[in-house]
Amino acid sequence: MLKRKLILVFSLFLVLAGLKTLKAQTPNTSFAIVLNEYSATNLNTGIIDTYGNQSDWVEILCDHNFSVSLQSYYLSNDRFNLKKWAFPSTFTMAPHSLKAVFLSGKNTVKNGEFHANFTLDQCKNQWLIISTSTGVVRDSVFVQRTMAGHTRGRIDPLAIGVGAWRLYTANSFTLNNPIVPGSFYRDYAPTPSFTPATVYNNTVNAGGFYPPSSPINQIDIFLGGISDSTGGCFEVHYTLDGSLPSPIVGGNTFLYTPLAPVIVVGTTIVRAIAFTSTNSIFPNCAEYLPSFCQTNTYFIDQEHNDFSTEFGVVSLAINSADTGWFNSGGVNPGPIIHTEYYDQKNQISEGYAQITRPPNEAWLTKQKGFYITIDDRRGFGCNFEGDIFNVAGLGTTPRRSFYTLHLKAGDYESHSSVPSPTNGGIS
């Protein structure tokens, strides 16, 4: 049986995601129907659809002084397929009203709820677009990544571009978006990036394998030129023990500055978050939330450098308080983990995943098998992509995308059926 090499690093969960610039096309105010709020991370918000699911959703605003039917109009998440979902004839809006469409992929109308035939995937650079039957775009917005439970909302139906949207930590589902200062944020702080760096899936990443004979003695952290942690709007805090960086420097949390680079000796996981600087002299810094957490594993010990490139390597980061789940019978759902997958000693997949106990495994051995399923709603990662555990001589597959991995540390318990994708598997 193929053994999977695991590195378990204990850390507190935080959504990871990259930051993109929001773009919006000019709404045609002669037909004042615009996008008002959307949720791509509907987790623990209290918004549950008629099917009992925490589906993605988008809110439509009618800014007319009269009722409007959206029949012959379309909603899409794809710029190259504007007619993805047709608004049904029953989709009418009263003057100055709001109405939601659940992006569940079900393409139904049930109990007064409208369900489109697609979902949102934060990791796929999607848009939300309202257009006419002739292909005229009435309004659009690029779907920016958000952390669990957060939404993006419009603060001015007549404004366009970045200035029209804000980040909310609590939704206003079918209600007017709060516009009082302090009720929303401009965005997240920029996500830190590390160097030296490798590239996988067109994304720069610093984790990987380094010879122990020449260990990394310096890692630099950048915020895209926005801050250098020496008086700018943001400062970077990092840890070397796998724990989540704290807003307060001290203990296992360190402040990064160019004069104090990160030193890595031996196999280490480095985690970094950008926080608003308490010493900043710049205005509006308080309008930003802490960044997504950047997590990278550095394999520097001899054991991993001697490890055969035929086999994949998985690095898992889990909150130490959540490890008791393995000894409690594995009641589902389990904890959230950060996972990195390396093939040929190169990182090819990364994301946040849900642990679950396979239903047909009795967990009679100390080495317990479990599923890890990437959840796009956590803000980072769609699926495990690439040559996942493809080993010549042990069996290979042409498949290159997996939403669940079944990790088994050499035990002999029975196999289980694979759970369904968390995002419905529709894009």
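**Bonds, cores and rings in a predicted model**

Biologist: At 36% relative accessibility, does R400 count as buried, exposed or partly exposed, and which of these words applies?

Modeller: This is a predicted model, and every value here is computed from it. Buried requires under 20% relative accessible area and exposed requires over 50%. The relative accessibility of R400 is 36%, so R400 counts as partly exposed.

Biologist: With which residue does R400 form a salt bridge?

Modeller: The closest N and O atoms of this salt bridge are 2.4 Å apart. R400 lies in the loop between β30 (384-385) and β31 (401-402), and its partner lies in the loop between β30 and β31, so the pair ties together parts that are 13 residues apart in sequence.

Biologist: How many salt bridges does the structure hold?

Modeller: The number of salt bridges in the structure is seven.

Biologist: How many residues apart in sequence are the parts that the pair of K408 and E361 ties together?

Modeller: K408 forms a salt bridge with E361, and the closest N and O atoms are 3.0 Å apart. K408 lies in the segment after β32 (404-407), whereas E361 lies in the loop between β28 (346-356) and β29 (370-374). The pair therefore ties together parts whose separation in residues is 47.

Biologist: Which residue does a disulfide join to C233?

Modeller: A disulfide is a covalent bond between the sulfur atoms of two cysteines. A search of the whole structure finds one disulfide, with an S to S distance of 2.0 Å. Its angle about the S-S bond is -140 degrees, and the link is left-handed. The residue joined to C233 is C285.

Biologist: How many residues apart are C233 and C285?

Modeller: C233 is in the loop between β20 (220-222) and β21 (234-239), and C285 is in the loop between β23 (268-276) and β24 (288-289). C233 is buried, as is C285. The pair links distant parts of the chain, and the separation in residues is 52.

Biologist: Which elements give two or more residues to the largest nonpolar core?

Modeller: In soluble globular proteins, nonpolar side chains tend to be buried together. The largest nonpolar core here has 28 residues, and those touching the most other members are L35, L70, L75, V101, L103 and L128. The elements that give two or more residues to this core are β2 (33-39), β3 (56-62), β5 (73-76), β8 (97-103) and β11 (127-132).

Biologist: With which residues is L70 in contact, leaving aside its neighbours within four places in sequence?

Modeller: L70 belongs to the largest nonpolar core. Apart from this core lies another, of 20 residues, among them L316, I318, Y341 and I348. Leaving aside neighbours within four places in sequence, the contacts of L70 are I33, I60, F87, F91 and M93.

Biologist: Is the pair of F102 and F173 stacked, edge-to-face or tilted, and which word describes its rings?

Modeller: The structure holds 21 aromatic pairs. F102 is in strand β8 and F173 is in the loop between β14 (165-168) and β15 (187-188), 71 residues apart. Planes under 30 degrees apart count as stacked and over 60 as edge-to-face. The ring centres of F102 and F173 are 5.9 Å apart and the planes lie at 40 degrees, so the pair is tilted.

Biologist: What is the angle between the planes of F299 and Y342?

Modeller: F299 lies in strand β25 (residues 294-299) and Y342 in strand β27 (residues 336-343), so the pair ties together parts that are 43 residues apart in sequence. Both F299 and Y342 are buried. The pair is edge-to-face, with centres 5.1 Å apart and an angle between the planes of 90 degrees.

Biologist: Over the face of which residue does K99 lie?

Modeller: Ring pairs link W85, F87, F91 and F114 into a cluster. Elsewhere, the charged end of K106 sits over the ring of Y51, 4.7 Å from its centre. K99 lies 5.1 Å from the centre of a ring, and that ring belongs to F91.

Key. Residues are numbered from 1 along each chain as its sequence is written. This is a predicted model: local features need pLDDT of at least 70, side-chain atom pairs count only at pLDDT 80 or more; totals for chains, interfaces and linings use all residues. Side-chain values use heavy atoms; hydrogens and water are left out. A disulfide is a pair of cysteine sulfur atoms within 2.5 Å. Helices (H or I, at least four residues) and strands (E, at least two) are DSSP runs, numbered from the N terminus. Buried means under 20% relative accessible area, exposed over 50%, partly exposed in between (1.4 Å probe, protein chains only). A nonpolar core is a set of buried Ala, Val, Leu, Ile, Met, Phe, Trp, Tyr and Cys residues joined through side-chain atoms within 4.5 Å. Contact means heavy atoms within 4.5 Å. A salt bridge is a side-chain nitrogen of Lys or Arg within 4 Å of a carboxyl oxygen of Asp or Glu. Rings of Phe, Tyr and Trp (its six-membered ring) pair if their centres lie within 6.5 Å; planes under 30 degrees apart count as stacked, over 60 as edge-to-face and the rest as tilted. A charge sits over a ring if NZ of Lys or CZ of Arg is within 6 Å of the ring centre and within 35 degrees of the ring normal.
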